[in-house]
Amino acid sequence: MSPFVNHKPHHGQDPLSELMHTYGQDVWNFAFSLCSKRELADDITQDVFLKAFRHLDTFRGQSSAKTWLLSITRNTVRDYMRQAFVRRVTLVEQLFFAGEARSAESEAVDAIVTDDVWQLALRLPAKLREVLILYAHHQLSTAEIAQVLHTTEGAAKARLHRARTKMKEWLEGGGKDGETAR
Amino acid sequence: MAKQQDEWESRLSDLHVQGGGFSEVLMQRILRASRKQPSRNRSLRWKSLSAAVAMVMIVGAVGGGLLRQHHQGAAPGTLTVSGPLVLGNGGTLHMVDASTGWALAQGGTQVLHTNNGGAYWTVGTPRQLMSLALKVQDEVFINGREAWLAAQPTDGSNPGTEWMLFRTTNAGKDWTSSILPFVHDASAQVKLNVSGQTAYLADLNVRQGVNASNVKLYQSTDGGVQWHVLSSAPVNPNQFSKVTRDVPNAIDFWSAENGLMATPVNPVVNAAGSQTTPVVFSTSDGGRTWKPIRSFPLAVWSAKDRSIYQGTGAGMYQYNGARSIYAENGQSFAVGTQYYRDGLGWVDVLWTTHDGGDSWQASRGVWPSAHIIGDAYDFEDMTHVDLIAGQRLYRTQDGGRQWTSIPLKVQLQQVQFMNSKVGYGWSLQDIVYKTVDGGRTWQALQTQIQLRNEDNPS
């Protein structure tokens, strides 16, 4: 039985509303961190909660709801990226928006994410980015990170170490040479 | 788990995305979509999601503030992408007025249309342009609804693919097309001009060297379906070789029968001021025949006082050609020109005539501090002209007797003003910029593009 089904909704909310009130920002932030596009993060967030809504009765409470939702988010982002249309849209976006030296896409991200540490983090390769975001932003333990990433805790720790090392290199270098990291 | 975080890591604990985030609007959208789910096994592919959500939220940051608005009526199976608009090499922007306009993006392979000043664009690319991997080489945007495109096969595309002409009269929703079998090969340069139902296409076979017979001019009087050859062009192909999009007004018709053509490159003017090769031609029979305007001024400049002298040998300057031509009617037209001399640099001069070319008046010279290839004139009429030269925007309201100038922080290569305040331009990096203060400041145009359902191959 799902803990959400048993749980008495706050303020008369339905389970989906409660999920979204509690974890909506987490899901959106993780989706944005992985795709760097606001509109796509909206679509992915919608997809995540609809999936969660459909599968509420299958959630067994073996992981936290937050970990469960972040895991769905990661899988959904990967599904999106695999879709031919989204690949094409991404290509279209790159063609429409990409500059030659410094991509307009990166400039666009910089324009909407003004914190320079975040700007660097979003330039990390996806595998390093996701582990760092889960650790530093979502405050997950390495065991929880391993659950979200469907990997071992050791592998999660190793990736986290590489992500932190790369960030320190960039920060100490004082420049945003992260363009090559994509 | 106790975490030891560096200072920079703690900054990652909070994420602020301008114009983005999990909002009440998004939550309501998800709740509405959840009510429409018929079964738990239903595929939640993107298309079905979009179909379930009839309202597309447009979120954009404006001036650091937040603008949220709903776009009603977004079609199912569409997706909106956002960012600064980059035209790509070979792209162009043509605003009809402050609201309506066209953009040729992705280097000439995508057609965009806007009705709100460029903040939001819809894709109006002809399907055959995409399916046959064609690229627009020249285009004429008549107004907010009608556009003509001359498209060439791209390298490596389907063998046998020919040049095509596309025409829309409903802002890119539907296109008619015709094959242009007469264009001599895929690498040709063409120049398209349209006046009413009559279209002209110059086929510039620049590979064949200096031979007037290698330049053909064709005419269509039925909207671009049937074409017939008019005549060989009156000037050599080398001169025509730069009649490309960087000289947007090198051919200008003010009626179906009457037009002007200017060539951008001319040999050095000799010491006596003689000019062996005409640079401006006129036609009064719809392009069947062209005659040179011999009275076009001989370009001799004085280095001493930077003034124009005709017929003297003092301080000659190389005439670098017409950059743009503007024909108001059979009597009044203007030619934007450019000159160069080693050690003294570039100077732009606007020549105007009000008696059909019998006599010409020269503007004061514009001396940009640095030269860029894209020195470009933007004519509002004979007296109101903008010029991008160097990294400044020059403006005259009296036909060039006086110029004012504004320094540009962005190196624009082309500008187009809608009124005294609002203008558009694009940079050397092909990024579109907009000004709302008469050109004093320019901001990269933040756009959203609605991609169409047919862009989805699934």
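**Which residues do ring pairs link with Tyr377(B) into a cluster?** Ring pairs join Tyr377(B) to Tyr326(B) and Phe379(B). The views below visit this spot and several others.

**About the model.** This is a predicted model, where local features need pLDDT of at least 70, side-chain atom pairs count only at pLDDT 80 or more, and totals for chains, interfaces and linings use all residues. Residues are numbered from 1 along each chain as its sequence is written, chains are lettered from A and ligands numbered from 1 in the order in which they are written, and side-chain values use heavy atoms, with hydrogens and water left out.

**View 1. Chain A, helices throughout.** Chain A has 10 helices and zero strands; here helices (H or I, at least four residues) and strands (E, at least two) are DSSP runs, numbered from the N terminus. Of its 182 residues, 57% count as buried, which means under 20% relative accessible area, while exposed means over 50% and partly exposed lies in between (1.4 Å probe, protein chains only). Take the contacts in chain A with a separation of 6 or more: 65% of them come from residues 24 or more positions apart. A contact means heavy atoms within 4.5 Å.

**View 2. Aromatic pairs in both chains.** Over all chains, the structure holds seven aromatic pairs. In one of them, Trp28(A) and Phe32(A) are stacked, at 5.3 Å centre to centre with 5 degrees between the planes. These two sit four residues apart in helix 2 (residues 15–35) of chain A, so about one helical turn separates them. Both Trp28(A) and Phe32(A) are buried. Over in chain B, Tyr326(B) and Phe379(B) also form a stacked pair, with 5.1 Å centre to centre and 10 degrees between the planes. That pair ties together distant parts of the chain: Tyr326(B) is in strand 22 (residues 318–327) and Phe379(B) in strand 26 (residues 376–379) of chain B, 53 residues apart. Tyr326(B) is buried at a relative accessible area of 18%, and Phe379(B) is buried at 11%. For the ground rules: rings of Phe, Tyr and Trp (its six-membered ring) pair if their centres lie within 6.5 Å, and planes under 30 degrees apart count as stacked, over 60 as edge-to-face and the rest as tilted.

**View 3. An arginine over a ring.** Look for Arg395(B), whose charged end sits over the ring of Phe417(B), 4.3 Å from the ring centre. To qualify, NZ of Lys or CZ of Arg has to be within 6 Å of the ring centre and within 35 degrees of the ring normal.

**View 4. The two sides of helix 10 of chain A.** Helix 10 (residues 153–173) of chain A has 21 residues and reaches 30 Å from its first C-alpha to its last, close to the 30 Å expected at 1.5 Å a residue. That expected span is 1.5 Å times one less than the number of residues. Its buried residues are Ala156(A), Arg159(A), Leu160(A), Ala163(A), Arg164(A), Met167(A) and Trp170(A).

**View 5. Two residues with positive phi.** Most residues other than glycine have a negative phi. Gln139(A), not a glycine, has a positive phi of about 60 degrees. Gln139(A) lies in the loop between helix 8 and helix 9 of chain A and is partly exposed, with a relative accessible area of 40%. Ala171(B) has a positive phi too, near 65 degrees. Ala171(B) belongs to the loop between strand 10 and strand 11 (176–179) of chain B, and at 10% relative accessibility it counts as buried.

**View 6. A buried glycine in a loop.** Gly399(B) lies in the loop between strand 28 (392–396) and strand 29 (404–407) of chain B. Gly399(B) is buried, with a relative accessible area of 14%. Leaving out residues up to four places away in sequence, Gly399(B) touches Leu350(B), Ser363(B), Met382(B) and Thr383(B).
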